[in-house]
Structure formats: structure tokens, C-alpha cells
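Take a look at the model below.

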Amino acid sequence: MPRLSANLSMLFQEYDFLDRFDAAVRAGFESVEYVSPYEYPADEIAARLERAGLEQALFNLPVGDWAAGERGLAVLPDRIDEFRRSVDTAAHYAQALGCRQVNCLAGIGPQDIAPAELETVFVENLRYAAGRLGEACIRLLIEPINDRIDMPGFFLTGTRQALDIIDKVDSDNLFLQYDIYHMQIMEGDIARTIEANLPRIGHIQVAGHPGRHEPDIGEINYPFLFDHLDQIGYLGWVGAEYRPRGRTEEGLGWMSGFGGRAKETSNAG
Ligand SMILES: O=C(O)C(=O)[C@H](O)CO
Ligand SMILES: [Mg+2]
């Protein structure tokens with residue numbers, strides 16, 4: 001069974017944000033992740049992590065004005081200075097939280113700017129950020145996200161596109177964040193894609209589809225995929241990034257259930 005990280009932007013919303021850390025460890029998670037730590041002082045979050053004995057698996061670079069619909073700054077030609085400052089902010093938080101990797105959301109590009117121009121901005125921003133974060137021993141990740149349901153207009157939507165961009169950036173500090181839920185919607189072929197790109201994958205996330213609920217609801221065979229991750233030697237975190245159907249604690253049966261079911265699968269084979 002891979003090591004699990006609780007995504008506190010989606011799980012445990014029954015609690016105030018800072019109380020979600022204790023809830024996560026009570027439920028059996030070893031680490032946490034979330035969209036944004038920046039609303040809280042870094043030392044306050046660090047104290048919650050330490051008290052709970054949790055690792056900080058990941059968070060995002062500042063994403064812009066989320067409530068206004070922004071989903072990252074990295075492709076926006078008129079926000080390059082802000083993007084660069086945001087990298088410093090993320091490095092400060094990552095160091096305070098002992099976090100070894102951060103995810104850069106590409107963003108939603110203005111419709112009147114050609115994709116090729118957005119990509120040029122993205123590549124240059126990523127090259128800057130990968131270098132700056134590398135100096136602090138923090139890995140940079142990019143995550144393709146589905147633009148069919150969750151983020152219409154999002155710039156980065158597929159594995160091939162992400163790997164091409166990583167190649168163009170040409171840094172040894174830029175990795176893929178592979179969110180199985182998004183990639184099931186956009187392209188499928190999950191197990192083979194992960195295996196083929198294992199050294200380039202820095203983080204994996206899970207949710208059921210359709211609905212983005214618990215991983216044991218829907219069409220994706222997570223018992224098989226978790227077993228596969230163990231067999232191919234994936235050593236990173238698997239982030240539980242889903243919208244619980246009810247109270248978070250009541251839907252956590254998958255955490256123990258998958259270990260047993262995955263073992264049965266391999267015994268049967
Ligand atoms: O939406 C997702 O899948 C993400 O992981 C983004 O980084 C938002 O947290
Ligand atoms: Mg994700």
C-alpha cells in the first residue's frame with residue numbers, strides 16, 4: 001500500500017483548517033497537502049505538523065485569486081513579476097514546513113493570446129522557478145488537470161503535453177504531478193502511463209470518477225492501481241484529493257480495504 005497524504009483542501013472540511021492536521025493523523029494519514037498555506041503564518045502551520053507528527057507532502061505555488069476563478073499564474077504574460085515573487089514566497093513556506101516539493105498550477109490563459117505564446121511564458125517561468133527552488137532543495141512539479149469538468153480553459157491538460165514542456169524547460173528539478181482522477185477523464189491508460197514515466201513522477205493523487213468522491217466509488221480500479229504502484233516501486237506520496245460524499249471519517253474505509261483487496265488480487269494472479 002503506498003504512503004497516503006490527506007489533501008486538507010478537500011478532506012476534513014468539517015474542521016477549521018488548522019484542526020484538520022490532527023484529524024488527518026487520527027484517521028491514519030502520514031502526511032498532508034493542500035492548495036495554499038499562505039493564509040496562515042508558516043510557524044503556525046509548522047507547529048500543527050509537529051504536534052500531529054505529520055510530514056508536509058506538497059502544496060501549490062500561490063495560485064492568484066482563486067475566488068475570482070484564477071488557477072495559477074504561470075502562463076500569464078502580464079504576471080511574470082508576480083510569479084517570480086510567488087516562487088520566493090513558496091520557498092519560504094516550504095523551508096519552514098520541511099516540504100520537499102511544490103506544485104505549480106499553469107493557469108487559465110486569456111483567450112486572445114495564442115497557446116504558443118502562453119507556452120513560452122510557462123516554459124520560462126518554470127525554468128526560473130525550477131532553478132530558484134532547486135537552490136533550496138525543493139522540487140518543482142506541474143500537474144495536468146481536466147478541462148472538461150473541473151477547470152475549463154486550464155492550459156495544461158495531458159501527460160504528453162506536460163512531458164514536452166518539462167523537456168523544453170530542460171531542468172533536472174522539474175517533475176510531473178500525476179492526478180489519476182484528471183488523467184482518467186482526459187486520457188486513461190493509467191497503469192502503463194505511470195510505469196512508463198515513473199522516474200519523472202514526483203507525486204500522485206487519487207479520487208473516484210465520476211463524481212470525484214472516495215477512491216472506492218466509481219470506475220477506477222484503485223486496488224489494482226495501488227498494488228501496481230507497489231510493484232513498480234513508486235516511493236512517493238499518494239494524495240487523497242477527493243470530495244467526501246458525507247463526513248470525511250465515514251468514507252475512509254478504502255484506506256484499509258485496499259490493502260486487503262490488493263493482496264487478494266496478487267495472490268489470485
Ligand atoms: O485540482 C487539482 O487536482 C489539484 O491538485 C490542484 O493542485 C488544486 O489543488
Ligand atoms: Mg490534483
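## Basis

This is a predicted model: local features need pLDDT of at least 70, side-chain atom pairs count only at pLDDT 80 or more, and totals for chains, interfaces and linings use all residues. Residues are numbered from 1 along each chain as its sequence is written, while chains are lettered from A and ligands numbered from 1 in the order in which they are written.

Helices (H or I, at least four residues) and strands (E, at least two) are DSSP runs, numbered from the N terminus.

## The barrel

A closed barrel of 8 strands runs β1-β2-β3-β4-β5-β6-β7-β8, with parallel pairing. Neighbouring strands of this sheet are turned by 30° against each other on average, direction ignored. Two strands pair if DSSP finds at least two bridges between them. Axes are lines fitted to C-alpha atoms, and angles run from 0 to 180 degrees between N-to-C directions.

Strand β1 (residues 3-7) is joined to β2 (residues 31-34) by 3 bridges. Here Ser 5 has Ser 31 as its bridge partner.

## Around β4

Strand β3 (residues 55-60) runs parallel to β4, with 2 bridges between them. Asn 60 has Asn 103 of β4 as its bridge partner. On β4, Gln 101 and Asn 103 point one way, and Val 102 and Cys 104 the other. All are buried (20 or more other C-beta atoms within 10 Å of a residue's own, placed from the backbone; exposed means 12 or fewer, partly exposed in between).

β3, α3 and β4 make a right-handed β-α-β unit. The chain then crosses from β4 through α4 to β5, again as a right-handed crossover. Right-handed means that, with the strands pointing away from the viewer, the path from the first strand over the helix to the second runs clockwise. β4 and β5 pair in the parallel sense over 4 bridges. Cys 104 has Ile 142 of β5 as its bridge partner.

## Helix α4

Which residues of α4 are buried? They are Leu 118, Val 121, Phe 122, Asn 125, Leu 126, Ala 129, Ala 130 and Leu 133. They cover an arc of only 160° around the axis, so they lie on the same side of α4. The arc is that of the directions from the helix axis to the C-beta atoms. The face turned away carries the exposed residues Ala 116 and Glu 135.

Just after α4, Cys 137 takes a positive phi of about 60°.

## Helix α8

In α8 (residues 222-232), the buried residues include Tyr 222, Phe 226 and His 228. Gly 233 follows α8 with a positive phi, near 85°.
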